[in-house]
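Reader: Let us go through this structure term by term. I will ask what stands behind each word.

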Amino acid sequence: MANAPLQAAAFAPPKGRGLPSTSTLMILVGFFALMIWSYVGTEFSLRGLLGGESAAQIGTYVTKLFPPDLSRDFLLKTGYWTLETFAMSFLGTLLAVLIALALVFFSSRNLMFAGPLFEMERSRPSVRAVRTGLCLSAKATLNLLRTVPHIVWALILVFAVGLGPFPGMLALGIHTGGVLGRLFGEVVENVETQPIEALQGTGASRLQILFYGILPQVLPEFVAYTLYRWEVNIREAVILGYVGAGGLGQQIQIAISLFLEHRLLTLILAIYVIVTLVDYFSAYLRGRLV
Amino acid sequence: MYQLDRVCKVFDSRTMAVDELNLKVRRGEKLAFIGPSGAGKTTLFRMLNLTIPQTSGTLLFDGLNIARLYGRRLREVRRRIGTVYQQHNLIPRLPVVHNVLSGKLGAWPVWRAVRSLIRPTEADLAYEALRQVGIPEKLYDRTETLSGGQQQRVAIARMLVQDPEVILADEPVSSVDPALAAGIVKLLIELSEASRKTLMMNLHSVDLALAHFPRVIGLRDGKISFDVPTAEVTDEHLAALYAGNQTEAGEEVASRAERRPVRSCRPHLIS
Amino acid sequence: MQSDAPSAPADLILSARRSPYFPVVFSVLFLLTFLGSYRLAQVQPLLLVEAEGRRNIWKFVSGMFPPDLSWNFLSLLGRPILETIQISLMGTFMAVAIGFPLGLLATSSLTFKGILNERETAGSRPRALLRRGSYLLARAVLSLFRTIPEFVWAFMFVRAVGLGPFPGVLAIGISYAGMLGKVYSEILEHVNPGPLEALQATGASKLAIILYGLMPQALPNVVSYTLYRWECAVRASAILGFVGAGGIGQQLEISMRMFNFNQVFTLVAILFVMVAGVDALSARARRAILGRQRV
């Protein structure tokens, strides 16, 4: 293999730092430890999956699902529920945008009390304190909306106004409002300062700067994030339905408790269709609008 | 070593990059290819190192019809051909030692390749190769920290480790500081001389080609314009080769525009 | 390399973008969708402010304070919390194990297009079809996995294999495999092809090319996205408990059903801390990986 020119070195090569480094080794060991710990803890059964009991159980269940219930009556109802779920996600996302927009400008430090918009301010500690307080409470509100899982919101609202898609849409709107508020906030806080300083230099008021300098920069990203969230929301709308918030999710819960597996498959197919459609539509709009 | 008969390469059924090329190269020969950009030099080399298939015509390597090769056999033949690229094509984040040793991948079984990534199994070999190209101390540096010229040397070291029978160098010095270019060309020639390898080099610089190679081939519009020993290269040859191509950009545009429509190459006639 | 015939399609797209009809059509469609959805979702904002609605909301809010911090309750939670983390970890591992190979197949430049495949398929039509077929199949499978919400996977698995954390892991493993696979294929598709060509020319096998040429380039992005997915997995695992797939979701469901709102509050607070912790950890790890220099 080795010809005349290339043989093992006559003199020793420089010693590299021992590859791999100890920190890499430690990370790998930690990684494996975590894997073993969670394998055991979750009663994961690899053997079961690869041809053992679990595989058989899954197989049995899958055969129970086929064929899907394609009776005309049920298909029409499924179509209706699909539209219901779509409506939930659509309005929920809309509500979320409203909530996020209402809060985001108050929750951004660079709009409330820090940064170039405020450097020349006379120092009035009381006003500054109020502004800071406003900012923090807006941030806290968004945090709250975001952290409470959408399912918990749904349960609360179902409890409050009864079953159906309305509480689902509200829950989606509230929870996603928090998420979007946080995402929008990041965009606003990373806005480019130069145009703002330029506008400020012309003597524009803060509100004018908001409209001329900030909004044009952030709106495209707002739209992009909103469209991304819509893709998530259509999936969440299905989940919320499970706890009583209407749409396909609620029907799935019913089908499951009545052991109507064929209907379950139809509903799942409907979910597949609507989610794919929304994904495509969202990507299309992102291409056009952003 | 190589025998090409009426080799064509057509892209997208529209662009004929190589047009009925005939070429014979003997083992151990040293040749330089020159010609304007877009003349098909790189396409020719990619066919010679078995990266892309020809559209029609026969390509024999050491008597083997490479069109029939597939899978393991193909890889074995590829191992015998080493390539040095204009853009060196190293993996930036890896330390130099891995990039050099990747020349051995054609010979190593997969488990060996994996083991070497964890701890380099033939670091000595890599060191020796780097010594031959002049930068042995860089063995464990991250490749992207090296200069362009040094990275090209690492690429040459990779080729040395692969130890092929043929060296194809596709404009190896075009991305390198001109002051260093001659040095690298000479290095490649020395290395190929010492082990009787066949060396074929694409060059942008006519001077470098004429100065260092015994045989020069001019390529234009996918066809061989001339194929003579260096001593017989005339100004007429060069004028015909670069006619109408004053600037770099001009060369690109002019020669691309002159692509003739496909007439004599049928894609399925690979014999 | 080859030059394609330019501009004709690009011109069309450009003019479509500026079509004067688009804003009008869009607004009309938007309005119609809004009105339709309003009816379909049975929006009745008055319900919120009605006496009954208000009473219920108040019952809920007041019921949350003070939060249940009794040792009785808290001692129950140790295991479920750990279980949630375990589900998220194991689920992510499984998702990588399934998603990565599928992602490789779903990368066109690895499976049937480009110089890594041209020679192999040039002479043989069936081979080319097989490659293309596996690509399309991999894409379809990934799409199926990630389109069905993990919630739905979860209760199907619960039906199939029983209650407990195992179905939760399966649900996350499958649905996240779909998401990971898709993003992996996008990352791999955009890797610099030059080094791959060079490695192929030395006679390296596809596997060796992937190992030496693809992975070092793609690794930072791959790891970063996987860590991000793990974050999402923690949140998802918590919720999957609702359908019996283990973790604190299960306890959350029980507390809600029993109207123990003070317990709900505690649980949500715990969830918040968990997610924040995982968030911070993952962000640190991602910074270290993307910033640090290593093989």
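Reader: What is the mean pLDDT of chain A, and what share of its residues reaches 70 or more?

Author: The mean is 82, and 90% of the residues of chain A reach 70 or more. pLDDT is the predictor's confidence in each residue, from 0 to 100. This is a predicted model, in which local features need pLDDT of at least 70, side-chain atom pairs count only at pLDDT 80 or more, and totals for chains, interfaces and linings use all residues. Residues are numbered from 1 along each chain as its sequence is written, while chains are lettered from A and ligands numbered from 1 in the order in which they are written.

Reader: Where in chain A does pLDDT stay under 50?

Author: Over residues 1-10 of chain A. The model has 23 contacts for them beyond four places in sequence. A contact requires C-beta atoms, placed from the backbone, within 7 Å. Where pLDDT is low, the predicted coordinates should not be read in detail.

Reader: Why is strand β3 of chain B called largely enclosed?

Author: Four of the five residues of β3(B) (residues 30-34) are buried, so the rest of the structure largely encloses this strand. A residue is buried if 20 or more other C-beta atoms lie within 10 Å of its own, exposed if 12 or fewer, and partly exposed in between; the C-beta atoms are placed from the backbone. Across the 271 residues of chain B, 49% count as buried.

Reader: What makes β3(B) and β8(B) a pair?

Author: Four bridges join them, and they run parallel. Pairing needs at least two bridges found by DSSP, so this pair qualifies. Leu31(B) has Met200(B) as its bridge partner in β8(B). β3(B) also pairs with β9(B), again in the parallel sense, over four bridges. There Phe33(B) stands opposite Ile217(B).

Reader: Which strand pairs with β9(B) in the antiparallel sense?

Author: β10(B), residues 223-229, over six bridges. Leu219(B) stands opposite Ile224(B).

Reader: How many helices and strands does chain B have?

Author: Ten helices and ten strands. Helices (H or I, at least four residues) and strands (E, at least two) are DSSP runs, numbered from the N terminus.

Reader: What are the two domains of chain B?

Author: Domain 1 is 1-80 + 165-271, and domain 2 is 91-163. Such bounds come from an automatic or database domain assignment. Their contact takes 13 residues from domain 1 and eleven from domain 2. On the domain 1 side, α7(B) gives the largest share, five residues.

Reader: How many residues of chain A are in contact with chain C, and how do they divide?

Author: 46 residues of chain A touch 45 residues of chain C. The chain A side divides into 33 nonpolar, ten polar and three charged. Ala, Val, Leu, Ile, Met, Phe, Trp, Tyr, Cys and Pro count as nonpolar, Asp, Glu, Lys and Arg as charged, and the others, Gly among them, as polar.

Reader: What makes the 214 residues a nonpolar core?

Author: Such a core is a set of buried Ala, Val, Leu, Ile, Met, Phe, Trp, Tyr and Cys residues joined through C-beta atoms within 7 Å. The largest such set has 214 residues. Ile271(A) is among those with the most contacts inside it. Beyond its neighbours within four places in sequence, Ile271(A) is in contact with Val238(A), Leu248(A), Ile148(C) and Val152(C).

Definitions and conventions:
Contact = placed C-beta atoms within 7 Å.
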